[in-house]
Amino acid sequence: MTEQTPHSATAAMTAAPGGRDPQETRALVDAELAPELTAGALVTDADVIGSYSQDEAIFCPGEGAVALVRATTIEDVQTTMRFASRHGVPVVPQGARTGISGGANAVPGCLLLSVEKMAEVLEVNTAERTVTVQPGIINQHLKDHLKPYGLSYPPDPGSVGISSIGGNVATNAGGLCCVKYGVTKDYVRQLKVVLADGSLATLGPRTAKGVAGLDLRGLFIGSEGTLGVVVEVTLRLVPQLADPLTAAATFPDEAAAASVVAEFMASGAQPSMLEMLDGATLVMLNDYGDFGLDADAGAMLLVQSDGSGDAATAQREVAAFSDIAEAGGALDVAASDDAADSEALVATRRLAHQAYEKYANEHGGGQLMDDVCLPRAQMAAFFDRLATLRAETGVVVAVVAHAGDGNLHPAVFFDVADDDQASRAHAVFDDLMQLGLDLGGTITGEHGVGYLKRQWLARELDPVTQQMHWAVKNALDPQGILNPGKMFAELQAAGG
């Protein structure tokens with residue numbers, strides 16, 4: 001991806017702020033910041049800093065961090081931001097670093113500010129059906145904590161076992177069940193956020209309703225650490241979800257499966273899960289774990305219905321899916337009410353990313369993960385174009401999708417040592433991003449912009465909207481010290 005040169009009026013916001021020599025920053029850290037932090041919070045060991053300097057994205061820079069702060073209290077976060085604001089030092093907030101867009105990567109001269117150690121459940125309020133947590137708690141750990149209370153937190157990204165609630169808030173994560181139960185923003189009642197100057201803001205009420213003032217809470221959900229650092233989250237909960245019924249259907253190609261998704265959802269169906277795996281993904285999963293999936297199929301749909309707690313409703317919905325799938329040319333359709341079978345299928349679906357990593361490592365190490373979200377009726381057109389791209393370029397592309405939401409995750413594979421392969425793979429990645437926009441979609445449904453897609457955000461947002469983004473950014477972070485070089489970096493070139 002080519003770099004753009006920012007306009008001079010905002011050039012300082014693109015580069016790492018300050019421009020101070022790293023050794024000078026390190027001396028200031030040792031002299032001023034270290035004594036004010038909780039004992040052990042400051043880390044200056046180069047190897048440890050290096051291990052925290054990148055998320056799961058590849059082809060995104062992540063060098064130059066001066067120190068790491070592993071905060072254990074809100075005061076640690078405030079102290080760090082006051083220091084950074086005083087000296088114009090860039091800060092990169094981090095959670096579990098499971099993102100795949102480079103949003104948590106280091107920038108030159110920065111402090112890495114990790115909240116992974118702030119991982120406690122602070123309160124479960126059964127009367128209000130809310131839970132208040134620190135940002136570092138892992139999504140699955142929260143779900144497990146809530147089970148004895150008969151309550152559930154529905155958002156479940158594919159990385160549910162390793163991603164943190166703070167990170168989920170930062171990217172407005174969705175997941176497998178969001179087709180029915182929504183995404184992170186639908187459950188956030190209140191946020192406590194440390195701003196660039198170290199001040200602490202409480203955004204949103206804990207009550208079910210509240211319209212006092214602007215929805216500043218919403219600005220921070222999906223802001224990827226560019227506006228402030230989330231240090232506490234109060235989430236809305238629902239009663240424990242019922243065990244679902246599951247159906248799986250295989251198809252000769254992806255477009256046929258996508259057409260069935262569009263028809264099924266247009267019928268008024270409310271599945272609790274509707275996932276898609278293409279043929280390449282099925283082959284890679286079998287190679288990863290010998291799961292016995294139909295490697296000759298072009299695509300598979302995995303559907304669940306919990307009937308909102310009513311078994312008869314769930315059975316009708318699964319039966320309706322089966323009918324539509326068979327009429328849509330399914331090779332095979334099977335339904336099961338066996339909980340073990342259902343859990344095994346969903347667990348296999350969650351392993352797609354690991355299967356992709358195995359394939360990439362065995363075929364040159366290159367993988368670019370896309371995250372376009374489309375109107376469901378346009379998914380078949382997307383796959384028709386993808387088939388043409390595969391044939392024209394010879395590039396291997398595998399797709400897994402939250403199909404019920406139109407959220408597609410194409411993974412583009414290549415040999416990093418082969419310049420021609422790498423060039424073709426990046427071109428395919430760009431073609432798929434543009435195709436998503438051309439079909440009325442967005443460049444990211446849940447993975448975020450980070451570094452990887454910063455140029456594409458400028459292409460999606462119109463100039464007036466870009467100006468609005470900068471107005472907010474400049475108001476809350478006038479020095480541009482929060483996560484610079486990422487989400488906002490290219491907006492200034494087009495709209496600054």
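Modeller: Let's begin with rings: those of Phe, Tyr and Trp (its six-membered ring) pair if their centres lie within 6.5 Å, and planes under 30 degrees apart count as stacked, over 60 as edge-to-face and the rest as tilted. The structure holds 7 aromatic pairs. This is a predicted model, in which local features need pLDDT of at least 70 and side-chain atom pairs count only at pLDDT 80 or more, while totals for chains, interfaces and linings use all residues. Residues are numbered from 1 along each chain as its sequence is written, and side-chain values use heavy atoms, with hydrogens and water left out.

Colleague: What makes the pair of Tyr153 and Tyr187 edge-to-face?
Modeller: The ring centres of Tyr153 and Tyr187 are 5.8 Å apart and the planes stand at 80°, so the pair is edge-to-face. Tyr153 is in the loop between β7 (151-152) and α6 (165-171), and Tyr187, 34 residues apart from it, is in the loop between α7 (178-181) and β8 (188-194). Here helices (H or I, at least four residues) and strands (E, at least two) are DSSP runs, numbered from the N terminus.

Colleague: What kind of aromatic pair do Tyr359 and Phe413 form?
Modeller: Tyr359 and Phe413 are edge-to-face too, with 5.0 Å centre to centre and 75° between the planes. Tyr359 belongs to helix α13 (residues 352-362) and Phe413 to strand β18 (residues 407-415). Together with Tyr356, they form one aromatic cluster.

Colleague: Why is Tyr359 called buried?
Modeller: Buried means under 20% relative accessible area, exposed over 50%, partly exposed in between (1.4 Å probe, protein chains only). Tyr359 has 19%, so it is buried. Phe413, at 5%, is therefore buried as well.

Colleague: And why is Ser53 buried?
Modeller: Because its relative accessible area is 6%. Ser53 sits in the loop between α3 (46-51) and β2 (67-70). Beyond its neighbours within four places in sequence, Ser53 is in contact (heavy atoms within 4.5 Å) with residues including Gly62, Ala104 and Leu112.

Colleague: How do you know that the length of α4 agrees with its residue count?
Modeller: The expected span is 1.5 Å times one less than the number of residues. For the 14 residues of α4 (residues 74-87) that should be 20 Å, and the end C-alpha atoms are 20 Å apart, so the two agree. As for cover, 10 of the 14 residues of α4 are buried, among them Ile74, Phe83 and His87. Just after α4, Gly88 takes a positive phi of about 65°.
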